[in-house]
Amino acid sequence: MKFIKQLDPNLDYISHEIKDGKCYITVTSNRKEVTCPFCGWPSSRIHSTYNRTFQDLPIQGNKVFIIIRNRKFFCDNSDCNHTTFAERFDFISY
């Protein structure tokens, strides 16, 4: 599914399932390092993962849901007010 790279080149396709008129597409990030959005400090230490789901435009009458296996990272900057932060993507509004 090459169109996943159009959302973000740092996403990799994992799987998809069509069920009851809905298409679920699961993706994951391939970034090795992510910048803390609060202080700008780089991190590669993963704290945990969770699924984040958003609805995209329909395909052939099927509702489309993108499921991102989102990661939380530790921020190792002792001057930062946050000890963890979630990975962010430009194509999703926060």
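**Strands first, then rings**

Mentor: Strand β5 (residues 46–59) runs antiparallel to β6, and eleven bridges join the two. Keep in mind that this is a predicted model.

Trainee: OK, what does the hairpin of β5 and β6 look like?

Mentor: It has two residues between the strands, and Q60 takes a positive phi near 50 degrees there.

Trainee: How many bridges join β2 to β6, and which way do they run?

Mentor: Seven, and β2 and β6 run parallel. On the β6 side, T26 is partnered with I67, and T28 with R69.

Trainee: What about β6 and β7?

Mentor: Those pair in the antiparallel sense over three bridges, with β7 spanning residues 84–86. K72 stands opposite A86 in β7.

Trainee: Switching to side chains: how many aromatic pairs are there in the whole structure?

Mentor: Four, from a search of the whole structure. Take Y24 and F65: their ring centres are 5.5 Å apart and their planes are at 20 degrees, so this pair counts as stacked.

Trainee: Where do those two sit in the chain?

Mentor: Y24 is in strand β2 and F65 is in strand β6, 41 residues apart, so the pair links distant parts of the chain.

Trainee: Is each of them buried or exposed?

Mentor: F65 is buried at 16% relative accessible area, while Y24 is partly exposed at 26%.

Trainee: And how are the rings of F89 and F91 arranged?

Mentor: Their centres are 5.9 Å apart and their planes are at 45 degrees, so that pair is tilted. F89 is buried, with a relative accessible area of 2%, whereas F91 is partly exposed at 26%.

Trainee: Which residues form one aromatic cluster?

Mentor: F54, F89 and F91 do.

Trainee: Last one: what sits over the ring of F74?

Mentor: The charged end of R45, which is 4.3 Å from the ring centre.

Definitions and conventions
Residues numbered from 1 in each chain as written. Predicted model: local features only at pLDDT ≥ 70, side-chain atom pairs only at ≥ 80, totals over all residues. Heavy atoms only, no water. Pairing = 2+ DSSP bridges. Helix = DSSP H or I, 4+ residues; strand = E, 2+ residues; numbered from the N terminus. Phe/Tyr/Trp six-rings, centres within 6.5 Å; stacked < 30°, edge-to-face > 60°. Buried < 20%, exposed > 50% of the residue type's maximum accessible area, 1.4 Å probe, protein only. Lys NZ or Arg CZ within 6 Å of the ring centre and 35° of its normal.
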